[in-house]
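Please open the structure in a viewer and keep the sequence beside it.

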Amino acid sequence: MESSVWDNALKLLKFDSNIDIVTYESILCKMTIAHSDNDVLVLAARDEYSLKLLKGQNLNKTVEDAIRTANDGKSLAVKFILEGDDKARDASVNSEKKVLRQAKSEVTTPNGLNGEYTFANFVVGDCNRFAHASAVSVAAKPGQKQRNPFFLWGNSGLGKTHLMKAIGNAVLEQHPDKKVIYTTCEAFTNAFVATIQNKNYTEFRNKFRTVDVLLIDDIQFLIGKDSVQTEFFNTFEALIEAGKQIVITCDKAPANLTQLDNRLTSRFQDGIMFDVQPPDFETRKAIFLSKLENENFTLSDEIIDYVCENVTTNIRQLNGAFNTISSYITLANGELTLDDIRKIVDPLITGNKKYLTPDIVINAVANYYDLTPDKLTSKLRSAEISTARNVAMFICRDYLELKYEKIGQIFGGRKHTTVMHGCDNVDEDKDLKKQAEEIYRLIT
Ligand code: ADP
Ligand code: MG
């Protein structure tokens, strides 16, 4: 990547509605490039506070979009680290390269499958038990009417693609004569658009209408594409008619795919449907342990539980945490402590209160009122400092849900009643309450 790309991306970010002017001027503009190649750009923040703000606001995506525009449409992964933290830099680069290698090995096979996602490495838990059992049956006997189509839906990162590919791989293993194709709906669409241009319909139809099992991933991508929907409908009808198996994934239940042609959504409901749910703690832990076993390293129970208790939204995120930790382990010469793990994991827990610490609040409040953070935890009692301290304590009480005793300890050993009065002062003052809200928004 040329260094001018970042300069041009910055110009775009200045006008991005996701970024407020303070973040832009005091953080983004002051970042330096810690590493850059054709895949990854690692940007370094000057201090821990800026880094937490960037990660807390989840700005990678916004910055990645700007980079893509500035880089002639070529995308790069963007990572944020602390300036001078070479370990974090190398870990970010390594974990990104690993993800890229995995993705690349997927797309290069003609049928879209490479044996990586199987039933054997799919962990079964309450969140996916029925979907998994039914998927195993589909793979054993593809094309049976009561399970055709097989429709899996649920949020991103919960294992739909994995389960779908596991069906494909299991069919190939159990029925080597069967023809299986895995395609994303996006790839299907692109292939069809190319077909319209070169008018080679025969080739397209030969490819998709002669399979025994068609796995089509992320069908919601058909929304708003009428001619592709019609072609897909015809493919669907031809395959079902011939007793061939169709497996579909989607981010919504068929009944909620209201923007899709209802001929399609009603056909989807003729087969069998499952939703995959977010994983419960036991499933998360089982997945995490199986990863540890695969990569042949160990972590203390305390660390494993910390990660699995806190990275809760989806399995992709859990894998991300695992990859990052595994890169650190490789680089760290000693053991990783729970504190190290917190530094790695907490920024991944976005939108989660646990991620916000009193330190972040104190820094942000001090910054807002133009004071130094130590004043807020000191014994000083000038009006200006007391007010700022009250606001910080109020945020700790109402947003972080900390107890009075705990807040008292953090703010220089104050009494329970002192903290309570301080918080109540803010609660009763419309302006101060508004400022507290504003500061909270800034740090989340
Ligand atoms: P989706 O298609 O629902 O967005 P994916 O199938 O791509 O999610 O899953 C995201 C990641 O999580 C993949 O790396 C996948 O292997 C992993 N994963 C998901 N569910 C499980 C599971 N039950 N056991 C093991 N790994 C899983
Ligand atoms: Mg998927």
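**First stop: two helices, α13 and α15**

Select helix α13 (residues 301–310) and helix α15 (residues 338–345): their axes come within 10 Å and cross at roughly 20 degrees. Axes here are lines fitted to C-alpha atoms, for helices over the stretch in contact, and the angles run from 0 to 180 degrees between N-to-C directions. Helices are DSSP runs (H or I, at least four residues), as are strands (E, at least two), numbered from the N terminus. The model is predicted: local features need pLDDT of at least 70, side-chain atom pairs count only at pLDDT 80 or more, and totals for chains, interfaces and linings use all residues. Residues are numbered from 1 along each chain as its sequence is written, chains are lettered from A and ligands numbered from 1 in the order in which they are written, and side-chain values use heavy atoms, with hydrogens and water left out.

α13 and α15 are therefore roughly parallel to each other (angles under 35 degrees count as roughly parallel, over 145 as roughly antiparallel, 65 to 115 as roughly perpendicular and the rest as oblique). Next, display the side chains of E302, I303, Y306 and V307 in α13, which meet L338, I341, R342 and V345 in α15 (contact means heavy atoms within 4.5 Å). The residues of this contact between α13 and α15 comprise 6 nonpolar, no polar and 2 charged.

**Second stop: α9 and α10**

Move to α9 (201–209) and helix α10 (residues 226–241), whose axes come within 10 Å and cross at roughly 45 degrees. α9 and α10 are therefore oblique to each other. On the α9 side, select F204, R205, F208 and R209; on the α10 side, E231, N234, T235, A238 and L239 complete the contact.

Then select K199, located in the loop between α8 (185–198) and α9. Phi of K199 is near 60 degrees, a positive value in a residue other than glycine.

Centre the view on ligand 1, which 17 residues surround; the closest are V123, G157, K160, T161 and H162. Which atom of V123 lies 2.8 Å from a nitrogen atom of ligand 1? A backbone N or O atom of V123 does. A backbone N or O atom of G157 lies 2.6 Å from an oxygen atom of ligand 1, and one of G159 lies 3.1 Å from an oxygen atom of the ligand.

**Last stop: P149**

Finally, select N148 and P149, joined by a cis peptide bond with omega of about 0 degrees. P149 sits in the loop between α6 (129–140) and β4 (150–153).

Notes. Nonpolar A, V, L, I, M, F, W, Y, C, P; charged D, E, K, R; others polar. Near = heavy atom within 4 Å. Polar contact = N/O pair within 3.5 Å; in protein donor to acceptor, adjacent residues only side chain to side chain.
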